[in-house]
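Here are a few friendly notes to read alongside the model.

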Amino acid sequence: FSGFAPPDAKSRGAPQPPASGAGGGDAGGLGERLSGMMGRLGMGGGGAAEPLLPAPVPRHKPKQAAAAAASSQSQPQAVHKMTADERMGRYLEAAARLSDSGAPRLAAALRAGKPVLSVIVQGIILLIMGYAKLYSHLYDMYSALPVNHIQMVLGLIMCFFGGTYVTLIAAVEAFRTMGGQGLCGHLSFVFDQVKVVYAADVRDSLLDENRDGIADVDQISVDQLTQRKLKVCMKAVEDPARLQAAVGSLWSASLAVLATLKLQFAQTAAYAMAIADLLKFPLLRFVAPGVAWALGPELMQWADPIIDSSVRIVCILLVWYLEKVRAAFYSGIRGGKMFAEALIACCEDRGWMDKLPDFVAKKPFSADESYLDEAIAFSIAAVGFYWQISNLFFLPHPLDWLLWPVSMAEYFLEVQVSWAQ
């Protein structure tokens, strides 16, 4: 046992004198040696003696430490990117430098309004992205519905929004008659390519090939950034020929639909212009002197154009309101019939029609011999028509915020149809 200390070099091989003490002999030395051995074994008594066995040293790293080291090596280094405000300020400064030679006042205005313009542009981008995600989720939910449910949804849309979005619904019907299935395929392909290009742009914005912790796109000039992003977008598109054909088909269909709407609503615009021509002369006699006096002698020549434009705008709005009333009545009846037919078909599939009393639905039920579908259709049509008239074809909150892009598309089509005549 190592607890018994070996004798020193001087006393090795020589007899030791007995230790003095009460016990005499080797009792005292044996006690000290036992105490040292117990201390090295960690069983007390030995004081500050060295341990009997050294602490084990692991030959391999623990699994947790090895995994942590491996994960730290595999994780990419964090890349520092410019904030959205800094990036937008960089773009505005580049636009100002381009305008320095040709339009110095515009360049000064861009530099002076850089904080405000940056906030406005970022807000518009966030708004567009938010509406795109919202409508994408709504379209996914719509696509997952059964056929009867889709018909019910379309019927309700026509009942409650047929007058509000009269030109937009007419444009959708024109698209459908011009080969809607093929156009939907082209539109879906273009949308998929936009998502592919966006994903490639996001990956390129995070690249740090020189490993300095700063994104590469934030270390190049605006001209180089433009060329780089254009190259990234072109590389991301898998089938450029198909994309070109799809965009061309959609553009041609859009022009054809716009021409169809102009012909379809030409009578509405003609009525508005005719009424404006009839009202222009009497209003000029009564209103022109007051308008000329308000403008003053230097601007009195503007009295005629101001009155003429105002009369035409009012007449167009009035005629369009009457057109919306007519469209709301027609689309309400049509949408109500679509909703009723789909609802009855859905109830028949689930066996609910057999559980209705005979005075509601005779057995066996036949839609041609029953008035149930007409009762449902006209009731829904009346509710939708009243709802649109009572709101003056404006959307209540929060539908106005939810359908704001759709309303903008409707206003654009109305202006194109009206002022193109």
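1. What volume does the largest pocket have? The answer is about 2800 Å³. Here a pocket is an open set of points on a 1 Å grid over the protein atoms alone, where a 1.4 Å probe fits, with protein on both sides within 12 Å along at least five of seven lines; lining residues have an atom within 4 Å of a point. Points are joined across faces, edges and corners, and the volume is the space filled by probe spheres set on them.

2. Before going on, please note that this is a predicted model: local features need pLDDT of at least 70, side-chain atom pairs count only at pLDDT 80 or more, and totals for chains, interfaces and linings use all residues. Residues are numbered from 1 along each chain as its sequence is written, and side-chain values use heavy atoms, without hydrogens and water.

3. The largest pocket draws most on α5 (114–143), which gives 10 residues to its lining. Helices are DSSP runs (H or I, at least four residues), numbered from the N terminus.

4. The second largest pocket has a volume of about 1000 Å³ and is lined by 26 residues, with Ile-125, Met-129, Tyr-198, Asp-201 and Val-202 nearest its centre. Here too α5 gives the most, with 8 residues.

5. Met-178 sits in the loop between α7 (166–177) and α8 (180–205). Met-178 touches (heavy atoms within 4.5 Å) several residues beyond four places away in sequence, including Leu-183 and Ala-253.

Methods:
Helices (H or I, at least four residues) and strands (E, at least two) are DSSP runs, numbered from the N terminus.
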